[in-house]
Amino acid sequence: MTLTPKKAHESLIQMTELVLPNDTNTFGNLMGGRLMYWMDIAAALACMKHCAAPVVTASVDNISFENPIKLGNVVHIEAIVTRAFNTSIEVHMKVWGEDPVLQYRYKSNEAFMTFVALDPNGKSRPVPPVIAESEEEKKLFEGALRRRQLRLILGGKMKPADAGELKALFYEQQ
C-alpha cells in the first residue's frame, strides 16, 4: 500500500485553554499533569489530522517546565507532526502562557511525543510520510531519526551499537 506524503504544516493544531482554579496547585500555578493532558490531546489531534486514523500515545519525551503558568492566564499549545516512520508519528509541541490583563506571552515549555496509528482492529497501521518545507520543519525532520533511536534505546527496543544516527554525532566518520 502506497501512502501519499503530507506536508508537515497541514497537521498543525493550535489549542487554547484558560487556567481555572481546578487546574492549579496550592501555589496558583497550572498543574504539570493538567498541562500534559492538554498537550496529549493537541498532539493526538495533529497526528489524526496527518494520518486520518485513531492514534494512541507511545512515548513522551522529557518535559521541562521553564516558566509556570498562573491561575487566570491562558495556555497556548501548538502541535505539529515532524516525521512519520512506519506506523509511528513524532509530534513537536510548543507551549506558551499568556497574561490576558498585562497582555504578554511567555514560553512555558516544549516537548516531543510519539503516537502510533491504529487500524479498525486496534492494530498498528502504516502512516503517510511527512514533507518538511520550512527551515524549522526541516530541522525537526532531520533530528527525528536521532530522537527516535534514543527513545528506542531507552525503551529497551534497540541496542546502542545499532543506533547509527546517534553514533555519527559522537564518532568521526572514516
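The largest pocket is lined by Ala58, Ser59, Ser88, Thr114, Val116, Arg148, Arg151, Leu152, Leu154, Gly155 and Lys157. The model is predicted, with local features requiring pLDDT of at least 70 and side-chain atom pairs pLDDT 80 or more, while totals for chains, interfaces and linings use all residues. Residues are numbered from 1 along each chain as its sequence is written, and side-chain values use heavy atoms, without hydrogens and water.

A pocket here is an open set of points on a 1 Å grid over the protein atoms alone, where a 1.4 Å probe fits, with protein on both sides within 12 Å along at least five of seven lines; lining residues have an atom within 4 Å of a point. The largest pocket holds about 270 Å³ of space. This volume is the space filled by probe spheres set on the points, which are joined across faces, edges and corners. Three elements, β3 (55–60), β6 (104–117) and α2 (135–154), each supply at least two lining residues. Helices (H or I, at least four residues) and strands (E, at least two) are DSSP runs, numbered from the N terminus. The most comes from α2, with four residues. By class, the lining has four nonpolar, four polar and three charged residues. Ala, Val, Leu, Ile, Met, Phe, Trp, Tyr, Cys and Pro count as nonpolar; Asp, Glu, Lys and Arg count as charged; the others, Gly among them, count as polar.

Strand β5 (residues 88–99) pairs with β4 and with β6. Pairing requires at least two DSSP bridges between the strands. Strand β4 (residues 74–84) runs antiparallel to β5 over ten bridges. Glu78 stands opposite Lys94 in β5. The two strands, β4 and β5, form a hairpin with three residues between them. Twelve bridges join β5 to β6, again in the antiparallel sense. Here Gly97 stands opposite Tyr106 in β6. The hairpin of β5 and β6 has four residues between the strands, and Gln103 takes a positive phi near 55 degrees. Ten of the twelve residues of β5 are buried. Buried means under 20% relative accessible area (1.4 Å probe, protein chains only).

Asn73 sits in the loop between β3 and β4. Asn73 counts as buried because its relative accessibility is 6%. Its side chain makes a polar contact with the side chain of Tyr106 at 2.7 Å. A polar contact is a pair of N or O atoms within 3.5 Å; within protein, one must be able to donate a hydrogen and the other to accept it, and residues adjacent in sequence count only if both atoms are side-chain atoms. Residues up to four places away in sequence aside, Asn73 touches Glu17, Leu18, Val19, Glu98, Asp99, Pro100 and Tyr106. Contact means heavy atoms within 4.5 Å.

Terms used. Buried < 20%, exposed > 50% of the residue type's maximum accessible area, 1.4 Å probe, protein only.
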